[in-house]
Amino acid sequence: VSFIPDGLDCSISFVSHVLGKVCVHGRQKEILGVLMPHLTDLTKSDCIWQRICWRLVECVPDRWMEAVVLGFVQGAPGADVLSRLLGNLVVKNKKAQFVVTQKMLLLQYGHTTAVLQNLLGYLSLDSLRRTLLLRVLQELLETWSSSSAVKHSPAEQQLYISKAILICLSHLKEPEIESCRQELLTSMMEGVKCHLDSSLPQLRRLGMVVAESISLKINTEGPVLKFEYEEDDETRKLKSLLVQTPPLCVVPSLPDDDRSEKAGAALPLVPESNEKPHTAAPVMPDEELDAELDSDDDLTPYDMSEDKELKIKAPVYIRDCIEVLTGARSEDVDKWEATVKALESLVRKNPAATREVSVELAKILLHLEEKTCIEGFVELRQRAQVAVLTTDPIPVAKYLTSQFYSLNYSLRQRMDILDVLVLAAQELSCPKFHGKTKHSGAQKRCIQLLPGSDSSKDWRRIVDERIKSKTRRFAMGQSHVELASRQNEFNSVAGHFFFPLIQHFDRPLTTFDLLGEDHLVLGRLVHTLAILMYLAVNTVAVTAMGKALLEFVWALRFHTDSYVRQGLLSCISSLLLSVPTERILLDMTEELLETQSWLGDVMEKDPDGDCRRLALQNLLLMENLKKKLEAVPS
């Protein structure tokens with residue numbers, strides 16, 4: 001460096017080659033962790049060192065440029081430092097421009113938010129680089145608003161692109177927003193539609209947050225776009241990226257006199273006294289004064305402290321409940337509320353009466369709408385539906401599954417049907433625990449003995465009870481439950497739940513197309529079938545259900561929606577866990593080999609992380625089945 005002030009030529013290309021060679025071998029942290037702090041200090045006030053640093057990076061060969069630029073972007077403490085160290089490298093070097101504006105933003109998505117802020121802040125700090133910032137924002141918005149990208153890219157990349165868009169928006173100035181207002185509006189409308197069509201809640205929420213942010217930027221005075229969603233930490237962090245945090249700067253100290261003058265000029269003028277300024281009381285006409293005196297403010301209110309709320313008695317018969325729920329009289333809302341709250345327990349207490357009107361009651365509950373603002377109405381209705389379905393499974397299941405593919409139902413009602421089927425199947429398949437919990441130290445002190453008898457059957461019992469009553473126990477044993485054995489009620493009805501749902505999925509209706517735009521309901525259907533398959537373990541129809549489910553999965557295995565693909569892979573897991581190993585290997589050998597090949601492709605190539613994880617899990621299950629078969633002696 002001492003040669004430069006003397007006007008002598010010097011070359012640092014050798015140092016650039018060394019830097020590039022070290023960085024390309026993965027040692028960016030080691031060399032730049034030592035080099036960057038020194039360069040940061042030296043370039044603060046010395047323009048010669050700034051030019052040396054720029055030249056150092058510019059002389060790095062293109063084949064090593066990516067590693068060097070990436071190391072500088074990741075290690076810089078802020079965008080201003082990065083701008084001082086790299087200068088206009090992205091304008092002069094095409095390789096560096098590709099790495100910064102394309103590869104790190106559109107082809108990679110593993111960088112932290114701080115790296116994104118460094119990168120985009122660096123582009124915004126110079127007029128020559130701001131054109132690249134606008135171009136980057138345009139390309140990010142094109143990717144964000146592409147339906148193909150939303151379907152085929154993982155959720156982590158969508159989050160990464162959303163962060164980059166919000167950081168770009170935070171750096172835009174008013175003239176730049178004005179020049180690209182129409183492009184921003186077009187991208188916002190297309191992008192929010194693609195995201196709201198997604199089956200994943202995270203992607204829908206991402207679309208809402210980004211659309212709100214764009215609307216806030218382009219409509220500074222008029223109404224802005226606003227969605228209803230539940231805010232979480234991720235949403236709050238995203239919104240905070242839209243607000244730039246200015247770098248901390250040290251303000252030079254002022255003399256005392258100047259400081260007091262500046263402070264005095266900055267403060268608003270306030271009255272010296274703490275009293276509020278007196279205002280003249282308005283003069284009221286005589287008519288208004290008389291009206292005020294005649295008001296009801298001086299009347300003494302009634303004492304209502306001892307009043308009690310009238311309790312509406314709920315119906316005690318199922319048919320009375322049907323009359324209340326189907327009645328058109330709007331004045332009986334209190335009785336309607338009481339009926340909705342009591343219906344589940346009433347159904348479970350009167351199974352015989354429920355079976356007489358089960359289908360009619362299921363129809364009423366499926367179409368029941370909330371008349372009043374009753375707390376937990378959706379849950380109350382769902383629990384009542386589950387109670388009716390478990391009380392009379394076959395006819396109610398036939399009705400619900402037939403209505404799933406019928407006309408004139410909303411998507412919400414169709415998904416309600418799926419939820420009710422799953423909850424009822426779970427209740428029917430799980431044995432209920434009827435029994436008294438016994439604690440070893442919780443016995444009564446006075447044991448009522450059996451009546452006196454000379455029979456040899458009773459003497460042992462009497463003696464044992466006496467010993468227990470006289471024995472002090474110093475250690476409390478854990479409570480245990482006497483389990484009452486109970487038949488799996490789902491065994492005989494599993495087919496009525498499963499097969500009607502799987503029959504007509506490929507027949508589009510006028511208002512319902514599972515293989516088209518209604519892929520959200522298709523995803524729920526696939527997950528429902530996976531759960532029903534899992535609950536059908538040890539049932540008679542499990543093998544037939546497994547074969548039908550495998551054909552269903554094979555027909556939809558290349559679906560573009562990641563939520564549907566996750567459900568299909570869950571179906572394979574349920575099949576492998578529920579169907580007996582012998583039946584799988586005897587009845588589905590060819591299908592299993594094809595499925596194994598497909599799972600391998602999913603594990604390697606699927607963009608969704610959950611799909612890859614489920615595919616690997618299924619391959620491990622298949623490997624375990626093979627080992628189990630080999631272990632069985634022939």
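What follows is a walk from the whole chain to single residues and pairs.

**Before you start**

This is a predicted model, in which local features need pLDDT of at least 70, side-chain atom pairs count only at pLDDT 80 or more, and totals for chains, interfaces and linings use all residues. Residues are numbered from 1 along each chain as its sequence is written, and side-chain values use heavy atoms, with hydrogens and water left out.

**The whole protein**

Show the cartoon. The protein has 32 helices and two strands. Both are DSSP runs numbered from the N terminus: helices are H or I with at least four residues, strands are E with at least two. Of the 634 residues, 40% count as buried. Buried means under 20% relative accessible area, exposed over 50%, and partly exposed in between, with a 1.4 Å probe and protein chains only. Switch to the surface. Its accessible area is about 38600 Å², and 55% of that belongs to carbon and sulfur atoms. Such areas come from the Shrake-Rupley method with a 1.4 Å probe; for residues, only the protein chains shown count as cover.

**Stop 1: Phe14**

Select Phe14, in helix α1 (residues 13-24). Phe14 counts as exposed, at 65% relative accessibility.

**Stop 2: Arg84**

Go to helix α5 (residues 79-86) and pick Arg84. Arg84 is buried but has no salt bridge. A salt bridge is a side-chain nitrogen of Lys or Arg within 4 Å of a carboxyl oxygen of Asp or Glu. Which side chain of opposite charge is nearest to Arg84? That is Asp80, 5.0 Å away. Lys and Arg count as positive, Asp and Glu as negative; His and the chain ends are not counted. Now show Thr40: its backbone oxygen lies 3.2 Å from a polar atom of the Arg84 side chain. Leaving out residues up to four places away in sequence, Arg84 touches Thr40, Thr43, Lys44, Gln50 and Trp54. Contact means heavy atoms within 4.5 Å.

**Stop 3: helix α22**

Select residues 377-391, helix α22, and find Ala384 there. Ala384 is buried, at 1% relative accessibility. Beyond residues up to four places away in sequence, Ala384 touches Leu343, Glu344 and Leu365. Next pick Arg381, which forms a salt bridge with Asp416, with the closest N and O atoms 3.3 Å apart. Arg381 lies in helix α22 and Asp416 in helix α24, so the pair ties together parts 35 residues apart in sequence. Arg381 and Asp416 are both buried.

**Stop 4**

Show Glu356 with Arg319, where the closest N and O atoms are 3.7 Å apart. Glu356 is in helix α20 (residues 351-356) and Arg319 in helix α18 (residues 318-326), so this pair links parts 37 residues apart in sequence. Glu356 is exposed at 60%, and Arg319 is partly exposed at 47%. Then select Glu344, Arg348, Glu379, Arg383 and Glu427, which are linked in a network of salt bridges.

**Last stop: two loops**

Select Asn408, in the loop between α23 (393-404) and α24 (411-429). Asn408 has a positive phi of about 60° although it is not a glycine. Finish at Asn538, between α27 (519-535) and α28 (542-556). Phi of Asn538 is near 70°.

Note on methods:
A polar contact is a pair of N or O atoms within 3.5 Å; within protein, one must be able to donate a hydrogen and the other to accept it, and residues adjacent in sequence count only if both atoms are side-chain atoms.
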